[in-house]
Amino acid sequence: MKLLTSLTSPYGRKLRVLARELGLDLVVADTAPMNDPAALLSANPLGKVPALVLDDGSALIDSPVIAAFLLAQVPGQALKPASGPGHWAALTTEALADGVLDAAIILRFNMAQGITAGPWVERQYRAIERALAVLAGRVGGSGFGDICIAVACDYLAFRFPELDWRTAYPALAALADRLLATPAFQATQPEG
Ligand SMILES: N[C@@H](CCC(=O)N[C@@H](CS)C(=O)NCC(=O)O)C(=O)O
């Protein structure tokens with residue numbers, strides 16, 4: 001299976017870390033979504049990364065769907081409960097962490113157009129702040145949830161270094177320090 005993703009996409013990083021932790025063989029095809037490459041548009045008409053192309057040529061899109069697929073490839077995996085309250089809690093943690101990323105990506109696209117202030121911009125910052133406060137209380141809920149949280153925090157450190165979540169949320173800082181030192185996170189550090 002082949003993951004189409006840019007090497008800076010945090011959604012793609014979540015999946016690359018997850019695949020490594022699960023011991024899955026995932027080929028990564030560096031894909032710049034804004035260039036609309038044919039292989040990406042064929043896999044995902046929305047033109048977004050990540051997309052996962054399976055061996056039979058079919059594709060899965062959207063990182064939560066792909067994450068669920070990767071987890072399902074390893075029955076008995078210990079990163080996320082397969083059902084029950086822990087399952088739903090882990091998915092909610094993923095949604096919160098992805099929501100932080102969604103808000104950050106909106107800010108990035110606005111910035112690229114010179115829009116750095118205004119109600120829509122402020123709304124994204126407030127969403128990030130509220131979600132980080134909640135995520136700090138969800139650290140340790142599951143291995144998968146922790147990966148999602150650490151990926152989101154490290155994306156903020158990468159693109160929004162002025163946001164001091166480390167001082168505000170020591171639990172997030174401790175989690176990031178622990179996970180960012182692991183081989184899976186080290187091997188997937190964004191650059192550029
Ligand atoms: N909900 C999607 C979000 C994916 C996403 O926004 N990817 C960005 C790159 S990090 C993208 O491809 N943007 C191009 C576009 O929006 O056209 C997921 O979780 O996979």
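Reply: Five salt bridges are found when the whole structure is searched, each being a side-chain nitrogen of Lys or Arg within 4 Å of a carboxyl oxygen of Asp or Glu. The model is a predicted one, in which local features need pLDDT of at least 70 and side-chain atom pairs count only at pLDDT 80 or more, whereas totals for chains, interfaces and linings use all residues. Residues are numbered from 1 along each chain as its sequence is written, and side-chain values use heavy atoms, with hydrogens and water left out.

Lys14, Glu94 and Asp98 are linked in a network of salt bridges. Helices here are DSSP runs of H or I with at least four residues, strands are runs of E with at least two, and both are numbered from the N terminus. Lys14 also forms a salt bridge with Asp98, and here the closest N and O atoms are 2.9 Å apart. The pair again links distant parts of the chain, with Asp98 in helix H4 and Lys14 in helix H1, 84 residues apart.

Buried means under 20% relative accessible area, exposed over 50%, and partly exposed in between (1.4 Å probe, protein chains only).

Another salt bridge joins Asp146 to Arg178, the closest N and O atoms being 3.6 Å apart. Asp146 belongs to helix H6 (residues 143-159) and Arg178 to helix H8 (residues 170-180), so that distant parts of the chain, 32 residues apart, are linked. Asp146 is buried, with 6% relative accessible area, whereas Arg178 is partly exposed at 48%.

Strand S1, helix H1 (residues 10-22) and strand S2 make a right-handed β-α-β unit: with the strands pointing away from the viewer, the path from the first strand over the helix to the second runs clockwise. S1 (residues 2-5) and S2 (residues 27-30) run parallel and are joined by four bridges, strands being paired if DSSP finds at least two bridges between them. Leu3 has Val28 as its bridge partner in S2. S1 also runs antiparallel to strand S3 (residues 51-53), with three bridges between them, and here Leu3 stands opposite Leu52.

The largest pocket has 26 lining residues, and Tyr11, Pro33, Val49, Ile105 and Phe109 lie nearest its centre. H1, helix H3 (63-72), H4 and H6 are the elements that give two or more residues to this lining. H4 provides the largest share, seven residues.

Methods. On a 1 Å grid over the protein atoms alone, a cavity is a set of points where a 1.4 Å probe fits but cannot get out, and a pocket is an open set with protein on both sides within 12 Å along at least five of seven lines; lining residues have an atom within 4 Å of a point.
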